[in-house]
Amino acid sequence: MTTLDDTDRRILLALDRDPRATVAQLALTLGLARGTVHSRLERLGAERVLRANSTRLDPGRVGLPMRALVTAGVEQSEFTGLIEDIARIPEVVECLGISGDSDLMIQIAARDADHVYDITQRIMRCRGIRRTSTSIVLRELLGYRMDHLLS
């Protein structure tokens, strides 16, 4: 576990607001030396506090306006191959191992209900899937957020 100081938190909050900010922009905005920002970002990356860089996009703006959450029961002996199979489905946005009645929570992005059906059928054909249950996301009420964890 990484211990964050106030400087780390300020840098992370600034990046959360503008993920594309450069080291120079962060240094200027935060009143820090560029070397300080650079070394902090390197350390936070090495310690896996920061995930791999990615552009946040709205799936609806690229033709996939429907989201669904698929829970799945899995044959544990097939788990490694299963994750490889799921990773090959491009509409899978996220896959989490969970506790409870199901083993996986898979978030998908789709064009429409027929596309959701098609994707869930591909998930069902993955090694080790015993059963699935699908819930359509009607509205995002509170989006993915991290800034409040740094306050």
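E94 touches M105, I106 and Q107 when residues up to four places away in sequence are not counted. This description concerns a predicted model. E94 is found in strand β2, and the residue is partly exposed, with a relative accessible area of 31%. Along the chain, E94 and A109 are 15 residues apart, and their C-alpha atoms are separated by 9.7 Å.

Strand β2 (residues 92-97) and strand β3 (residues 104-110) run antiparallel and are joined by five bridges. Within this pairing, V92 stands opposite I108 in β3. Six residues lie between β2 and β3 in the hairpin, and G100, located in the turn, has a positive phi of about 110°. In a regular strand, side chains alternate between the two faces of the sheet.

Most residues other than glycine have a negative phi. R48, a residue other than glycine, has a positive phi near 60°. R48 is found in the loop between α3 and β1 (66-74), and its relative accessibility of 73% places R48 among the exposed residues.

Helix α1 (residues 6-17) was examined for its geometry and its burial. The helix has 12 residues and reaches 17 Å from its first C-alpha to its last, close to the 16 Å expected at 1.5 Å a residue. T7, D8, I11, L12, A14 and L15 are buried in α1. At the N-terminal end, α1 is capped by D5, a side-chain oxygen of which lies 3.1 Å from the backbone nitrogen of T7.

Two residues of helix α5 were considered next. T120 has its place in helix α5 (residues 113-124) and is buried, with a relative accessible area of 9%. With neighbours within four places in sequence left aside, T120 is in contact with V70, I108 and T134. The side chain of H115 makes a polar contact with the side chain of E91 at 3.1 Å. That of H115 also reaches the backbone nitrogen of R111, at 2.8 Å. Under the exclusion of neighbours within four places in sequence, the contacts of H115 are L64, E91, A109, A110 and R122.

R131 is found in strand β4 (residues 129-137) and counts as partly exposed, at 38% relative accessibility. Residues up to four places away in sequence not being counted, R131 touches T71, A72, G73, D101, S102 and M124. With D101 there is a polar contact: the side chain of R131 reaches the backbone oxygen of D101 at 2.7 Å. R131 and R34, by contrast, are 97 residues apart in sequence and 52 Å apart in space, C-alpha to C-alpha.

A disulfide is a covalent bond between the sulfur atoms of two cysteines. With a cut-off of 2.5 Å between cysteine sulfur atoms, the count comes to zero disulfides. C95 is in no disulfide, and the nearest cysteine sulfur, that of C126, is 9.2 Å away. C126 is in no disulfide either, the nearest cysteine sulfur being that of C95 at 9.2 Å. As to accessibility, C95 counts as partly exposed at 30%, whereas C126 counts as buried at 7%.

Conventions: Residues are numbered from 1 along each chain as its sequence is written. This is a predicted model: local features need pLDDT of at least 70, side-chain atom pairs count only at pLDDT 80 or more; totals for chains, interfaces and linings use all residues. Side-chain values use heavy atoms; hydrogens and water are left out. Helices (H or I, at least four residues) and strands (E, at least two) are DSSP runs, numbered from the N terminus. The expected span of a helix is 1.5 Å times one less than its number of residues. Buried means under 20% relative accessible area, exposed over 50%, partly exposed in between (1.4 Å probe, protein chains only). A polar contact is a pair of N or O atoms within 3.5 Å; within protein, one must be able to donate a hydrogen and the other to accept it, and residues adjacent in sequence count only if both atoms are side-chain atoms. Two strands pair if DSSP finds at least two bridges between them. Contact means heavy atoms within 4.5 Å.
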